Amino acid sequence: MPSDAESPAAATAPVKAAQVEHLHALRGRSDIVGPALRRVLTDTVRAWLIRLFEAADPGPGISLVTLGGYGRGEPAPGSDLDLVLVHDGRAPDVGTVADRLWYPIWDAGISLDHSVRTVDEALRVAASDLRAALGLLDVHHAAGDEDLSARLRERTLAQWRSGARKRLPDLQEAGEERGRMAGDVAFLLEPDLKSARGGLRDVQILRALAAAWVTDAPPAPVQEAHTLLLDVRGELHKRTRGRDKLLLQEQDSVAEALGYADADALAHAVADAGRTIAWAYDSAWRRAGGVLSQQGWGRRFGRTRRPNRRPLAEGVVEQNGEVVLARNADPAADPVLVLRAAEASARTDMPLAPHTLDRLAAESAPMPVPWPDAARDAFVGLLAAGPPAVGALEALDHAGLLVRLLPEWRRVRSKPQRNAVHRFTVDRHLLETAAEAADRTRRVDRPDLLLLAALFHDIGKGWPGDHVTAGEKVVARIGPRLGLPPEDASVLTTLAAQHLLLPEVATRRDLDDPATIRQVAGLVGSRGVLDLLHALTEADALATGPAAWGPWKARLVGELVDRVGAWLGGAPPPKPPALTADQEALLSAAAAGDPHLLVRVGEDELVHVTVAAPDQMGLLTAISGVVALHRLDVRRATAYSTSGRALSELVVSTPYGRLPDEAKMRSDLVAALGGSLSLDQRLREREESVSLPRRPGLASPPPEVLFDDSAEDATVVEVRAQDGIGVLHRIVGGLAGHGLDVRTAIVSTLGADVVDAFYVRGRDGGPLPAGAERERVAHAVLAALE
């Protein structure tokens, strides 16, 4: 081991301390933001590298270059250093020089990507490694032999240009895969500013295309969008130690630092920047395909070598893999042309040519009101294309054509959603819902109304107040403007007003209660509307995110639809299910005075916990506490009593798919009922041992208790609260402590919140009377939650 005096770090210690401390301090300063932050980071690091290089005592024929963020002069506080020590192959002791450079950087706690190469070696690596080739395009001379650094840069650019035919298809494919993995900056509520489509990586690709001489340099709007994302990333790095994903919990502080009115204004600006970059990115690749098509690479870039025009619709043709206007098309005299062009784009999955969009935007006549049938048919045909319709509608939006056709769209464009289950902005969610609905058009008798409802179901989120109420009013105006007959416009309005009906009832109400079925049937009115709502529910949930739909919810919604459909068809109300043989056996065993418990996987492939015990106050409270103690999440719980015995059936989800220990659960239940196991204390201890922080961007409102009189022989108590360990146990305890009999408990989790519904009877065996009694129940539940 060398002594400290002999170590590479010690050799350069005098030049590092002050500047390193300054660099670390800069990373946390709140008064330096945006371009000023990047400039001072770049200047500080470059000055430090010059001193390190001089202290390393290099000989001739050596230079130090920076790549990546510091090479481009665009670092964020968490950016690593990407350095290459370049030498001419004749420099002595280049390894020693490298050690004297790298060790102080490591000792300073700065992430370092480093290499030592001659120019020829660097080019050989770049020839076989696309990432290395892209990195060398950002080379910037830091210290040493400037001619050597310039030679590396010149030969890198020459090699990149000469190899464009080979490298660019791979580069495009890599970008597409990255976009599939990371999503879109423009539409995600928590976008990856660097890797997502429309992010910083795409701007680097645009520069690489320009360096290959196949496209122009990124235009001013792209540069402005790029600067905005760099500003946001800089502030994000200060708060997250270098992470690039703009989480909801960080958006308030980033917005404040950059001078935005609030987190929504920041998110809107980021989304618009992502749209601008993504549009330029797609357009650049099409132009690159045109340039390279002469060398046989056009087809890979979505272009063909055929100059022929293929008719697609009236006034619309295909040319070179793009949708363009026919030579005799006249947008000023044909207001429906824009929709026919968009429909053709979606149906063929070919992009609208930029010059076509420019011409449509400049010359298109206003759409008559109400829309002619041909316009509505083209619009529905566009939506019916499914996923390709998303790109066509985005193209119209980029050109400003969509808001001309649908002025309400301006209210939801790039609008973020402060909801844990949503992954997209409002406008993208509407487009994705319409795309999902296109796969379900054969299940309904009015596919056109399904597609329109999917596109407009959340349009009310662009207005203040409850989005369903607002959306009902907005859609009531849109339907007639689209030229729908009054009866169809009424159905469209109903679909918007009731688009949450099926999932909310299915997951929060007792489907065995005839009153539930009658209520839903009365709201939908007909089998046709019911089927439309069913398809819309699925499309909406699938477009929302993975937490919004699954086998459990699909089964409940399907069961509700079947029962309501039967009711609308004249069938009698459903009868409560009969006890199974296992349930009968448990009740018989419980007659001896001890609780008995059975864990099984039901026909629905969910875990069922059945408990039979002597009927007593607090039984369901104890059962729910034991279930929580065993790390089980209750989906639904029902209680039934007869002859002094009680039967409780709980449907639960299990951690990691493992069945709970039946014997241990029974033992804990006996102990809890006997008073030797304090469930409240054990659950508190478990809650304290598990970190469940709330994200500031999704702060929950205070708990709320609501009452619903829709049930036949009980009152529905609905509790909305933040989820947590033992929440169900605390609520049931509050109800039981007030002397209420919980007949059924239905648990619904929405992100980090729960909406639990309890069918309860009062001390007299009937529904709760209105007034003071309900106020006392609400107070008891809220106290239990506190």
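Accessible areas here come from the Shrake-Rupley method with a 1.4 Å probe, and for residues only the protein chains shown count as cover. On that basis, the chain has an accessible surface of about 34200 Å², and 50% of this belongs to carbon and sulfur atoms. This is a predicted model, in which local features need pLDDT of at least 70 and side-chain atom pairs count only at pLDDT 80 or more, while totals for chains, interfaces and linings use all residues. Residues are numbered from 1 along each chain as its sequence is written, and side-chain values use heavy atoms, with hydrogens and water left out.

**Confidence**

- The mean pLDDT of the chain (the predictor's confidence in each residue, from 0 to 100) is 89, and 93% of the residues score at least 70.
- Residues 297–304 have a pLDDT below 50, and the model gives this stretch 27 contacts beyond near neighbours in sequence; a contact means heavy atoms within 4.5 Å.
- Residues 692–698 also have a pLDDT under 50, with 19 contacts beyond four places in sequence.

**The chain as a whole**

- There are 33 helices and 15 strands in the chain; helices (H or I, at least four residues) and strands (E, at least two) are DSSP runs, numbered from the N terminus.
- Along the principal axes, the C-alpha atoms fill a box of roughly 100 × 85 × 45 Å.
- Of the 786 residues in the chain, 54% are buried; buried means under 20% relative accessible area, exposed means over 50%, and partly exposed lies in between (1.4 Å probe, protein chains only).
- When contacts between residues at least 6 apart in sequence are considered, 69% of them join residues at least 24 apart.
- The chain carries 91 positive and 107 negative charges, and their mean positions are 4 Å apart. Lys and Arg count as positive and Asp and Glu as negative, whereas His and the chain ends are not counted. Each charge is placed at NZ of Lys, CZ of Arg, CG of Asp or CD of Glu.

**Aromatic pairs**

- The whole structure holds 3 aromatic pairs. Rings of Phe, Tyr and Trp (its six-membered ring) pair if their centres lie within 6.5 Å; planes under 30 degrees apart count as stacked, over 60 as edge-to-face and the rest as tilted.
- One of the pairs is Y103 with W106, which is edge-to-face, at 5.3 Å centre to centre and 85° between the planes. Y103 and W106 are separated by about one helical turn because they are 3 residues apart in helix α5 (residues 94–107). Y103 is partly exposed at 35% relative accessibility, and W106 is partly exposed at 37%.
- W371 and F379 make another edge-to-face pair, at 5.5 Å centre to centre with 75° between the planes. W371 is buried, at 4% relative accessible area, and F379 is buried, at 2%.

**Buried places to look at**

- Helix α29 (residues 619–629) is largely enclosed by the rest of the structure, because 11 of its 11 residues are buried. Among them are L619, I623, V627 and L629. R631 follows α29 and has a positive phi, near 60°.
- H429 sits in helix α20 (residues 426–438) and is buried, with a relative accessible area of 1%. Beyond its neighbours within four places in sequence, H429 contacts Q417, H422, F424, H457, D458, D540, A543 and T544.
- A196 belongs to the loop between α9 (164–182) and α10 (200–211) and has a relative accessible area of 0%, so it counts as buried. Leaving out neighbours within four places in sequence, the contacts of A196 are R178, A182, G183, D184, V185 and D202. A196 and G545 are 349 residues apart in sequence and 17 Å apart from C-alpha to C-alpha.

**Backbone details**

- Most residues other than glycine have a negative phi, and most peptide bonds are trans.
- V369 and P370 are joined by a cis peptide bond, with omega about -5°. P370 lies in the loop between α15 (354–363) and α16 (373–384).
- D93 is not a glycine, yet its phi is positive, about 55°. D93 lies in the loop between β2 (81–87) and α5 and is exposed, at 58% relative accessibility.
- S414 also has a positive phi, near 60°, in a residue other than glycine. S414 is in the loop between α19 (409–412) and α20 and is buried, with a relative accessible area of 0%.
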